[in-house]
Amino acid sequence: MTLVGAFFVRLETGGERMSEYKKYFEAYCQEHDLELRLSSEMPVGYETANGTFDVSSRTVFINAEKLNKEPEYSKLFYLFHELRHASQYLEPGRFNETIKRSIQYIIMFDGTCYKLVGNRYLKCRLKGDEEYFNNLYLGQPHEVDANRFAYEQARKICGDSVGLKKLVDFWMPRQTVSNNVYDKVFSLIDEKTKTMS
């Protein structure tokens, strides 16, 4: 374990590929007084993802191998996106009620949904087409917040560019989804997972 300032950071690195992420990861952890791990060993089921955050192990996973040939702004975008998720879970006081509620749910592109209960996710499936769930996934308040934050951080470090703007646009919803729609979807997830907890 490496002591950095008044907090601990454990780096589970994937060799040289992780070195470009470490500086920004450590600075973010220090600024937010967070104890997090950074790993390039993607968890099972996330092997093709760019990154993910696991709240139970407090680990930011970055798929350094997949992102190896991507421009710096892209690597930083995905790192800061996952760091923002870490803050959403671990520093809830910094966020509004909409984000605090939405972070308890994960809606995937195929209608697979999860609800966080304690430190585990309950899984269910909702009916609907891929376009519907694609937009629901992209429009989740915690995802929109993480994408906006990641864009701002990458822009500060790398400058604005057509490529960075295209990247953030790709991850933004095609149509705005109202909070009422999410209320209904979250209620459906609640209903389908209530017997599992």
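Analyst: Where pLDDT is low, the predicted coordinates should not be read in detail. For the protein as a whole, the average pLDDT is 89, and 91% of the residues score at least 70.

Now to the close look. Helix H1 covers residues 19–32, and the loop between H1 and S3 holds Asp33. This residue, Asp33, is exposed, because its relative accessible area is 55% and the cut-off for exposed is over 50%. Its backbone also deserves a remark: Asp33 has a positive phi of about 55 degrees, although it is not a glycine. Most residues other than glycine have a negative phi.

Leu36 has a relative accessible area of 1%. Buried means under 20%, so Leu36 counts as buried. In sequence Leu36 is 19 residues from Val55, while their C-alpha atoms are 9.5 Å apart in space.

Arg58, which is not a glycine, has a positive phi of about 55 degrees. With a relative accessible area of 30%, Arg58 is partly exposed.

These pieces belong to a protein with eight helices and eight strands. Its C-alpha atoms fill a box of roughly 45 × 40 × 30 Å along the principal axes. A compact globule of 197 residues would have a radius of gyration near 16 Å, and the protein's 17 Å agrees with that. Of the 197 residues, 46% are buried. Among contacts with a separation of 6 or more, 61% are between residues 24 or more positions apart.

The accessible surface comes to about 10600 Å², and carbon and sulfur atoms account for 48% of it. The protein carries 27 positive and 28 negative side chains, and the centres of these two sets lie 3 Å apart.

Technical notes: Residues numbered from 1 in each chain as written. Predicted model: local features only at pLDDT ≥ 70, side-chain atom pairs only at ≥ 80, totals over all residues. Heavy atoms only, no water. Helix = DSSP H or I, 4+ residues; strand = E, 2+ residues; numbered from the N terminus. Rg over C-alpha atoms; globule rule 2.2 N^0.38 Å. Buried < 20%, exposed > 50% of the residue type's maximum accessible area, 1.4 Å probe, protein only. Contact = heavy atoms within 4.5 Å. Areas by Shrake-Rupley, 256 points an atom, 1.4 Å probe, with all protein chains shown as cover. Lys, Arg positive; Asp, Glu negative; His and termini not counted. Charge placed at Lys NZ, Arg CZ, Asp CG, Glu CD. pLDDT = per-residue confidence, 0-100.
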